[in-house]
Amino acid sequence: MKGWLHQQAGAIVRALRHLGRNPLGSLLTAIVIGIALALPAGGLLLLENANRVVGDVGEKPEISIFMNMPPDAAQSAEVERRLTDLPSLSSFRYVPREEALEQLAAGGLQDVVSDLATNPLPDAFVVTPAGNDPAAFDELAEQFRAWPGVHTVQLDSAWVERIHALIDLGRQAFTLLAAILAAALVVVTFNTIRLQLMTQRTEIEVSRLLGATDNFIRRPYLWTGMLQGLLGGLVAWLLVSAMINTLREPVANLATSYGASFALGQPSLAEVATLLGVAVALGFAGAALSVDRHLREAA
Amino acid sequence: MIAFDRVSLHYPGGQGGLTDVSFRLERGELAVLSGHSGAGKTSLLKLIAAIERPSAGTVTVGGEDVGALPRQAIPYLRRNIGLVLQEIRLLLDRSVFDNVLLPLTITGHPPADASRRVQAALERVGLGGRGGEMPLSLSGGEQQRVAIARAVVNRPSILVADEPTAHLDADYAGDIAALFRSFHAAGVTVLVATHDSSLFDDAAPRRLVMSHGQLAEVA
């Protein structure tokens, strides 16, 4: 174990020497990797934030049942009885037309309400279904429409579902983009390591003649790839954090203008660890492909 | 220690190589390999270090059949052979000390012990105080000494050198030959390919004379 650690430490020193020989090139490569990682990482993070907002709103989908006009107490009572008997509901609330008018007035339309000669609003029921299966909500809405005395049924979660669908689409698009950019990063690392192998050809040949194993030769290049990936991951993290900081205030202002309170969240520790882990893994993959190809050709 | 049994080596295109070469060197022997340019001296040395594999016959080094060694085992064979190449091939971006340190880094020697060994090897070749210098600041003869120090720092049981005195003037060549004789005196098996075998006369070496890929004389 001590020998293994000693070998790895030696390889890391040699990898740092590789990076240090061309600091500007290493920095530029890290920035390229960072930008490429920041694009999908930032996009996915924004989508997660959007999902959080929609999730908060969409956790309690509601179905509004509006009764026929003129109001019929017997029909309202029948609907209430049927709702009581339904096992697939979390809760429901009867909103008499008088209460609906009062809510309308309290919502800033006092002037309009006072001008009305009669109350134009119907009796209504606000139903909260159990579960979270959108198909089941649709079935319930259809069932309510067939009941006597029901004029209109409105499924309030429909817009949430559409946004969820959009977010899913965005997530798939960013995942696809991430896969493409990951392949590009492997190619970038492959090429960087290939150039290093070419410039250090003499050192490799001499080392082989002195008894270096393939693993001894491979090790510092793998560490170079991983360190370059790590640097790229750190650059990506900085870029994503800067983006979130820049957008935080405008987004908060926008939320406030809608009477809501929302702040963009920075990536969590687990998300940062994942980002860095993916960056290191991509660097390792590019370096491994490059150095293995070189060793195969040399053999 | 080193045995060639009817060894042939054919390069693609039929250029150079060896034909039906047989000889045996015992542990601690000093042998001088001579012959005209293109006679096959370098090919013979490459076979010992498994840089080339024989087309026919058997090359045995330290009891190992070199031709049958799997690729992964070759580095471990080479760690027991000090190799001084015709081209000196020092790493020009490393100090003299770091060049000599390389074989010990490869074998994973502890740093403190490695430093002591490097210093001892440099002193042995007369460059004790020059470890911090860069190779290009040294003369050709001094660079060759660094290459010899690098070859022996791992304390190999076999030392193989390909024209180590080429391109050196007579004084430097004599010094280098004296170094090889001293390693032989210390019990190392030494095989030196050279145009000037007289440099080793006072050690009474075995003489292997190559001609057109064949061993023309063994004395």
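**View 1. Asp214(A), a residue that lies in helix α8 of chain A.** Helices here are DSSP runs of H or I with at least four residues, and strands are E runs of at least two, both numbered from the N terminus. The model is predicted, so that local features need pLDDT of at least 70 and side-chain atom pairs count only at pLDDT 80 or more, whereas totals for chains, interfaces and linings use all residues. Residues are numbered from 1 along each chain as its sequence is written, chains are lettered from A in the order in which they are written, and side-chain values use heavy atoms, with hydrogens and water left out. Leaving aside residues up to four places away in sequence, Asp214(A) touches Arg208(A), Leu295(A) and Arg71(B), where contact means heavy atoms within 4.5 Å. With the side chain of Arg71(B), the side chain of Asp214(A) makes a polar contact at 2.6 Å; such a contact is a pair of N or O atoms within 3.5 Å, of which, within protein, one must be able to donate a hydrogen and the other to accept it, and residues adjacent in sequence count only if both atoms are side-chain atoms.

**View 2. The interface of chain A and chain B, with four salt bridges found by the rule.** A salt bridge is taken as a side-chain nitrogen of Lys or Arg within 4 Å of a carboxyl oxygen of Asp or Glu. Arg21(A) and Asp93(B) meet through their side chains in a salt bridge, at 3.3 Å from N to O. On the side of chain A that touches chain B, the elements giving two or more residues are α1 (2-21), α7 (201-209) and α8 (214-257), and the largest share, seven residues, comes from α7(A). In all, 17 residues of chain A are in contact with 20 residues of chain B.

**View 3. A nonpolar patch on the surface of chain A, formed by residues that include Leu24(A), Ile31(A) and Leu239(A).** The largest share of the patch, six residues, comes from helix α2 (residues 23-58) of chain A, and Leu24(A) lies in this helix.

**View 4. The cis peptide bond from Met69(A) to Pro70(A).** Omega of this bond is near -5°, and Pro70(A) lies in the loop between β1 (63-67) and α3 (73-85) of chain A.

**View 5. Arg155(B), a residue other than glycine with a positive phi.** The phi value of Arg155(B) is near 55°, and the residue is placed in the loop between α5 (140-152) and β7 (158-162) of chain B.

Technical notes
Patches are made of residues with over 30% relative accessible area and no salt bridge: like charges are joined within 9 Å, nonpolar side chains (Val, Leu, Ile, Met, Phe, Trp, Tyr) within 5 Å. Accessible areas come from the Shrake-Rupley method with a 1.4 Å probe; for residues, only the protein chains shown count as cover.
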